[in-house]
Amino acid sequence: AVLPPRVLTPDALLGLSPAAGVATPPESLLAWTEIFRALPLDEFREVFPLDPPARNFAWALRLAREFAKLQSTLAEGGLRIADVAVRAGADFPEPMRWRQLGELERRFDAWLARRDRRDAQAEKIRAAKHPAPPAGIEQIVVLATPDPLPLALEVLAAHAATITGSTLSVNAATTQG
């Protein structure tokens with residue numbers, strides 16, 4: 001019998017084993033929305049230099065969606081919002097702004113924790129650091145993946161390390177557009 005290879009996109013690879021207690025996208029949006037509605041803006045002037053014209057649910061939800069996108073984009077590289085200022089170094093032009101953004105993320109995590117939930121992006125990063133390799137894998141081949149996600153490459157390298165005599169090598173043509 002001939003069995004086809006298992007084909008995964010980088011996003012699917014990162015989401016192989018969803019953990020219990022991880023917040024769903026609607027739960028995450030609700031958390032961000034509630035945080036923004038109750039937020040004392042005067043404490044976050046680097047992020048909110050001006051008050052919004054209407055500080056209502058629609059404003060908070062729009063902002064929640066933007067923050068969810070930011071978290072998702074940063075997670076592709078294995079970062080959380082709070083990591084940006086630390087990783088950027090001394091020449092970074094907006095350290096205070098990113099520290100305040102990190103504080104917002106801390107409040108987001110606390111809001112979820114009070115409801116026995118964890119951030120999905122943080123969980124994705126955590127799982128990538130200690131991935132459980134799928135059963136029955138004998139070889140890993142990365143094909144036709146321009147600009148692979150750094151977090152996906154971490155997962156693949158960890159999987160390759162569990163396969164006897166295997167290492168992960170990504171073809172240069174794969175990583176260049």
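Me: How do α6 and α7 sit relative to each other?
Reply: α6 and α7 are roughly parallel to each other (that is, under 35 degrees; over 145 counts as roughly antiparallel, 65 to 115 as roughly perpendicular, the rest as oblique). Helix α6 covers residues 120–129 and helix α7 residues 150–162, and they pack at about 30 degrees with axes 8 Å apart. Axes are lines fitted to C-alpha atoms over the stretch in contact, with angles from 0 to 180 degrees between N-to-C directions.

Me: Is this a prediction or an experiment, and how is it numbered?
Reply: It's a predicted model, with residues numbered from 1 along each chain as its sequence is written; local features need pLDDT of at least 70, side-chain atom pairs count only at pLDDT 80 or more, and totals for chains, interfaces and linings use all residues. Side-chain values use heavy atoms, leaving out hydrogens and water.

Me: Back to α6 and α7, which residues meet there?
Reply: From α6 you get Lys124, Ile125, Ala128 and Lys129, and they meet Leu151, Glu154 and Val155 of α7 (contact means heavy atoms within 4.5 Å). By class, that's 4 nonpolar, no polar and 3 charged residues. Here Ala, Val, Leu, Ile, Met, Phe, Trp, Tyr, Cys and Pro are nonpolar, Asp, Glu, Lys and Arg charged, and the others, Gly among them, polar.

Me: And α3 with α5, what angle do they cross at?
Reply: Roughly 100 degrees, with the axes coming within 12 Å. That makes α3 roughly perpendicular to α5. Phe67, Leu70, Gln71 and Leu74 of α3 make the contact with Trp98, Leu101, Leu104, Glu105 and Phe108 of α5. Those residues divide into 7 nonpolar, 1 polar and 1 charged.

Me: How many helices and strands in the chain?
Reply: There are 8 helices and 0 strands. Both are DSSP runs numbered from the N terminus: H or I over at least four residues for helices, E over at least two for strands.

Me: Which residues lead the largest nonpolar core?
Reply: Trp32, Phe36, Phe48, Phe67 and Leu104 touch the most other members, out of 26 residues. The elements giving two or more residues to this core are α2 (25–38), α3 (57–76), α4 (81–88) and α5 (95–113). Apart from it lies another core, of 13 residues, including Leu13, Ile140, Val142 and Val155. A core here is a set of buried Ala, Val, Leu, Ile, Met, Phe, Trp, Tyr and Cys residues joined through side-chain atoms within 4.5 Å.

Me: What does Phe67 touch?
Reply: Trp32, Phe36, Ile81, Leu101 and Leu104 are its contacts, leaving aside neighbours within four places in sequence.

Me: What about Arg107?
Reply: Arginine 107 lies in α5 and counts as partly exposed, at 25% relative accessibility. Ile35, Leu39, Pro40, Glu43 and Phe44 are what arginine 107 touches, again not counting residues up to four places away.

Me: Where is confidence lowest?
Reply: In helix α8 (residues 172–175), at a mean pLDDT of 48, while α2 is highest at 97. pLDDT is the predictor's confidence in each residue, from 0 to 100. Over residues 172–177 it stays under 50. The chain mean is 84, with 84% of residues reaching 70 or more.

Conventions: Buried means under 20% relative accessible area, exposed over 50%, partly exposed in between (1.4 Å probe, protein chains only).
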